Amino acid sequence: MVARSTIPAGDFRTSYAADTTIFPTKTSRNFAIAGVILLCFAPLVFSEYWLSVSIQIGIFAIAALGLNILVGFTGQISIGQAGFFLLGAFTSAYINNTYAIPVFFAIPLAGVITALVGLVFGLPAARLKGLYLVIATLAAQYILLDFFSRAEWFSGGSVPASANPFSIFGYTLRGDRQYFYVVLAYVLVCYLLVTNLMRTRDGRALIAIRDHYLSAEIMGINLTKYRTLSFGLAAFFAGIAGALYAHYQLVISQEGFGIERSILFLAMIIIGGTGSIMGTLMGTAFVVLLPESMEWLSHNLKGSSIDKALALNNNITFLREIAIGLIIIAFLMFEPDGLAHRWRQIKTYWKLYPFSH
Amino acid sequence: MNTSFLIQLLVNGLVVGTLYGVVAMSFVLIYKATQVVNFAQGELLLIGAWVCWLLLTKYQVPFWVGMPLTLVFMFAFGIAVQVVILRPMIGEPIISVIMVTIGLSTVFQAALKWMFGVNPQPFPPVFASKAVDLFGLQIQTVYVMSLAVSVAMMLGMAWFFKASKYGLAMRATAFNQQVAQSLGISVKNVFAMAWAISATVSAVAGVVVAVVNGVSSGLSAYGIKVFPAAILGGLDSVGGAVLGGIIIGLLENIAQYVDSQYLHWGNLYEIAPFYVLILILMIKPYGLFGTKDIERI
């Protein structure tokens, strides 16, 4: 969790504004804008399969972003992110179905409600040191899932709940191609929001707490307030992502949102780089694409001797879990700053090419 | 009131509770000695159970040979995990270490499912008679055995920490690593030993549960139930963990009784410990016997 370390010699800033800028050079800003514009054309070129993969990456990246505020910037862990994700999904569908609040408003509202529920679980633990929050969120995960399986009025109990498609000004968006833009807009807004948050006083307070909470407290930072705030934010983004997921899938069941999914969210930010906002996106893409590529690989190996020896195709779910677990451990041991760090190194290498160090 | 049902459940709670206590004890042991919150405790228990099952069914080893073999294996396994995975993490932020154990639990869980399948397997019967008569109550032999083994483990642990030289070294390390090191204690060895003992003790609990209920991947739920127990007792108190485990076990079964007699919500006993966990964190976050964290600057 070290900040940018590979700034080449001669690259210096003379004002605070220049130091906290999002894009250090004009080129990087132009590249970012060009990337977004290119993404706007994605639905026209992408196949159905790649479109659904990229929508998934977008949605999970928002939830992972929330988790990264908590883990990467405040130094606390939550393993209840999947529970809050699901809560956001059910809440958005519920308020949309019951109170006829348009989906457009239901999604942010679901985020707020999820954040409030999150605070109920997080408040007792936020007063204490890191590991208590892990345990509290573990309990939250189980309690929330148990609640969803009981509350038929809210989540349909054992029957999956249904959600309405996204609509705006009476126009209903249908299909992945149109929904892609909704997700893209949300990803952009959320990522800009968080990037800017980290440049403000509050963001710096969170980082100070992570780096040395005692010094932070001595400097007048209210630990309880900021820990609670960051946990609330984590739950908020999980709720937003869940709501987006609900109106994308149109059917929500709690299948596959157990503790393993929470660990998957954790894997996303560890792989991407804790404390790196762009890294979150990379990590999410990695985690979403990993099972897909494993599926592809095992499909290609079907019938070969390796497949027969290990029974790959029958056990692909277990292999996927093993791979995720091993990658978490390997990244923590060998590359604790994640893909974001690698990416910076590659960039620096090319910046100085051919006279690298 | 259905008294005999209640008594049956209370006995059940006591038996399960002491097992929780044993697992919580081994969890606290690792936490105390190495400051690692071990999310893979349940998987250690599961590995022990599967290894013993494998020895007994596949290799047809008698129980009295298979059990010690399992324990030896788990002892070595605990050391291996510590040396290979956890030792390089010393000095890293505490949350990284916690996440490593979360990763470990994922790997173990999935690997065991891969190797042994997802279906529960019955354990070969260990005792000749199925039930014994105790104070007019019919109690299954395995329950008596479970209780006896748990209590024996606890007493053994108490003796180890109070009287043995290694236990003393471990307590010293838990108290202050640097001072312990300056007095000639090998902190590295103590860490490895903590994991080894913890894995072995968990494996005993695992085998006991397996004898009672059969082996399945669901056994690792014991690793999750450890958290309410350990938090209730205080995260760094071995005695508290035992007591916390027993309370959680009893509470589960009382919840089961209340549920089946009055509320009819279903599955209340599975979730009740987590409500208790949240409550304790609100009222008494350092548990019954945990030391309150006071930091000196």
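In which handedness of crossing does H2(B) pass H9(B)? H2(B) passes H9(B) in a right-handed crossing, where right-handed means that the near helix is turned clockwise from the far one by less than a right angle, and left-handed anticlockwise. This is a predicted model, in which local features need pLDDT of at least 70 and side-chain atom pairs count only at pLDDT 80 or more, while totals for chains, interfaces and linings use all residues. Residues are numbered from 1 along each chain as its sequence is written, and chains are lettered from A and ligands numbered from 1 in the order in which they are written.

**Confidence**
- The predictor gives the complex an ipTM of 0.85 and a pTM of 0.87.
- Chain B has a mean pLDDT of 85, with 94% of its residues at 70 or more; pLDDT is the predictor's confidence in each residue, from 0 to 100.

**Helices H2 and H9 of chain B**
- The axes of H2(B) (residues 41-57) and H9(B) (residues 221-233) come within 6 Å and cross at roughly 145 degrees; helices are DSSP runs (H or I, at least four residues) numbered from the N terminus, and axes are lines fitted to C-alpha atoms over the stretch in contact, with angles from 0 to 180 degrees between N-to-C directions.
- B:Gln41, B:Gly42, B:Glu43 and B:Leu45 of H2(B) make the contact with B:Ala221, B:Tyr222, B:Gly223, B:Ile224 and B:Val226 of H9(B), contact meaning C-beta atoms, placed from the backbone, within 7 Å.
- By class, this contact has five nonpolar, three polar and one charged residues, where Ala, Val, Leu, Ile, Met, Phe, Trp, Tyr, Cys and Pro count as nonpolar, Asp, Glu, Lys and Arg as charged, and the others, Gly among them, as polar.

**Helix H10 of chain B**
- The 26 residues of H10(B) (residues 238-263) should span 38 Å at 1.5 Å a residue, which agrees with end C-alpha atoms 35 Å apart; the expected span is 1.5 Å times one less than the number of residues.
- After H10(B) comes B:His264, whose phi is positive, near 55 degrees.

**Contact between the chains**
- Chain B gives 35 residues to the contact and chain A gives 38 residues.
- On the side of chain B that touches chain A, H4 (94-116), H9 and H11 (268-283) of chain B each give two or more residues, and the largest share, 15 residues, comes from H4(B).
- That side of chain B has 28 nonpolar, three polar and four charged residues.

Note on methods
Two residues are in contact if their C-beta atoms, placed from the backbone, lie within 7 Å.
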